[in-house]
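Q: I'm new to this one. Can you walk me through it?
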Amino acid sequence: MKIITVGTGYVGLVHAAVCSEYGHEVHAYDIDREKIDAFSSGLSEPIEKFVNEPGLVNIIRETLGKSLHFSDDLEAIIEGTDAIFMCLPTPSNIDGSTNLTFYDAAAESIAEVLAKRKDKRRLVLVNKSTVPIGTARHLEGIMKSHGVENFGVASNPEFLAEGTAVADARRPDRVVVGCDCEEDFTILRRVYSQFVHHVRIKYIQTTPETAEAIKYVANTMLLTYISFWNGVGAKIGENMPNVNIDDLRLGVTSDDRISTWGSFVSNGAGGSCFGKDISSLIYQLRRVNVSTKMLEASFEVNEHQKVYLIDRAITEADFKFNNKTVAVLGLAFKKHTNDMRDASSIKVIESLLGKGVAAIHAYDPLANETAADVFDPSKNALFEKIKYFDSAKEAITGSQALFVSSDCEEFRGFSRTIEDTVSPPYLVMDGRRMIPDYNELVSKSFTYLAVGSMVMRPD
Ligand code: UDX
């Protein structure tokens, strides 16, 4: 099949690469020349400057110039195309609605080019990035208004998690395809032939609107699950003596009907999708007069959860942040990424600065640079108090408290490094429950405060 992906962000580039690996003729299109040049180079450094996903560079190297091509000239690549995948950024507006400016601009330029194509074969325009329910229909309207002929619209949402996007795209749990007619379903079955009738992968064919809704419901369900554990499970561990949150999770999730993912209590879930998608779904449902109380609660629990441990440090551990130096370890929203979007660390650092800390010693194995962009001192002079370090040990040195804000493996079982670097009185705030051997620390007079447990201090 001849496929065009529009937009070379992490969704578009991964999709293009994985489709080229199956042997389709893939043209990854973007208006940004710098990106096209970087990807066409086949070199790790320029590619990873834009999208850093394990395994991605290898696929690009293998298929570049054979089944994978990059272009910023849509007209030059349009003839003979079977499917165009829309992989565009869809940020949030202030009111929670989805901003379709980039999407609409791309759709308009595609429509202009398609209206002029010579080859009149059936072509499907597929929404891959998350867009509000009804956007496939909206896309159909744009195409029709330009007189495009013999096309269909479809929704085929991505369910990739950052850091495992290539593996997820090669072996998804399910492929959801929403089309209006059999002709279009056939085109997409040919694109995804390796997943149709797969033993373990569910291939789901439905309407475009249902496919769009599946993505929103899946992400809001995941955040609601996380928020249930943070808002109920963690609170039981924090307030009921002798309740062990880890055993609680094991006991509950051993029920086959209840999943494990999402039950690991934390200082809130971050990343680019959850907040944006739940806000957008709330906006879409309010417009049809549906109560969104439950979704709002999930969102609020998650936001509150991000800074809650700092409030607990004051009320439960009697810690005074004023003029203290606090190390913040793990800046990205999770391990294996430099992505700072909606990262809990942003709220943590802002809260600490608001409480008058003297300095913040920040460390992340991958995200120091992206964090420095987020905490730009020209936007807020307080950000000058943030210093970045190349290792956790260096960041801890000279601090009176530390906050673990992501699940980087190197923080697991970290107590030895802490003991060897700083002396009590010292407060360890563990937002990800990364230090299972906290008893060691407490026995050496450190104070340990984790999400899901009561404060533990020396006798
Ligand atoms: C997620 C979903 O997995 C994906 O299917 C969806 O389309 C987009 O969002 P991603 O954002 O890359 O993917 O990260 P993921 O690893 O799934 O975790 C999201 C957040 O939840 C992270 O901040 C993570 O630390 C947090 N989390 C996850 C918890 O707090 N507890 C858990 O048990 C699991």
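Q: How far is the polar side-chain atom of S266 from an oxygen atom of the ligand?
A: It's 2.7 Å, in this predicted model.

Q: And which distance does R432 show to a ligand oxygen atom?
A: A polar side-chain atom of R432 sits 2.5 Å from an oxygen atom of the ligand.

Q: What about the backbone of G270?
A: A polar backbone atom of G270 is 3.0 Å from a ligand oxygen atom.

Q: How much of the ligand's accessible area does the protein cover?
A: The protein covers 89%. On its own, the ligand has 670 Å² of accessible area.

Q: Which residues come nearest to the ligand?
A: E162, G262, F264, S266 and R432. They are part of a group of 19 residues around the ligand.

Q: How do the residues of that shell divide into nonpolar, polar and charged?
A: Ten are nonpolar, five are polar and four are charged.

Q: Which helix gives the most to the shell?
A: Helix α10, residues 208-239. It supplies three residues.

Q: New topic. Where is R249 found?
A: R249 is in helix α11, which spans residues 245-253.

Q: Is R249 buried or exposed?
A: Buried. Its relative accessible area is 15%, and buried means under 20%.

Q: What is R249 in contact with, leaving aside neighbours within four places in sequence?
A: W229, S263 and F264.

Key:
Residues are numbered from 1 along each chain as its sequence is written. This is a predicted model: local features need pLDDT of at least 70, side-chain atom pairs count only at pLDDT 80 or more; totals for chains, interfaces and linings use all residues. Side-chain values use heavy atoms; hydrogens and water are left out. Helices (H or I, at least four residues) and strands (E, at least two) are DSSP runs, numbered from the N terminus. Buried means under 20% relative accessible area, exposed over 50%, partly exposed in between (1.4 Å probe, protein chains only). Contact means heavy atoms within 4.5 Å. A residue is near a molecule or strand if one of its heavy atoms lies within 4 Å of it. A polar contact is a pair of N or O atoms within 3.5 Å; within protein, one must be able to donate a hydrogen and the other to accept it, and residues adjacent in sequence count only if both atoms are side-chain atoms. Accessible areas come from the Shrake-Rupley method with a 1.4 Å probe; for residues, only the protein chains shown count as cover. Ala, Val, Leu, Ile, Met, Phe, Trp, Tyr, Cys and Pro count as nonpolar, Asp, Glu, Lys and Arg as charged, and the others, Gly among them, as polar.
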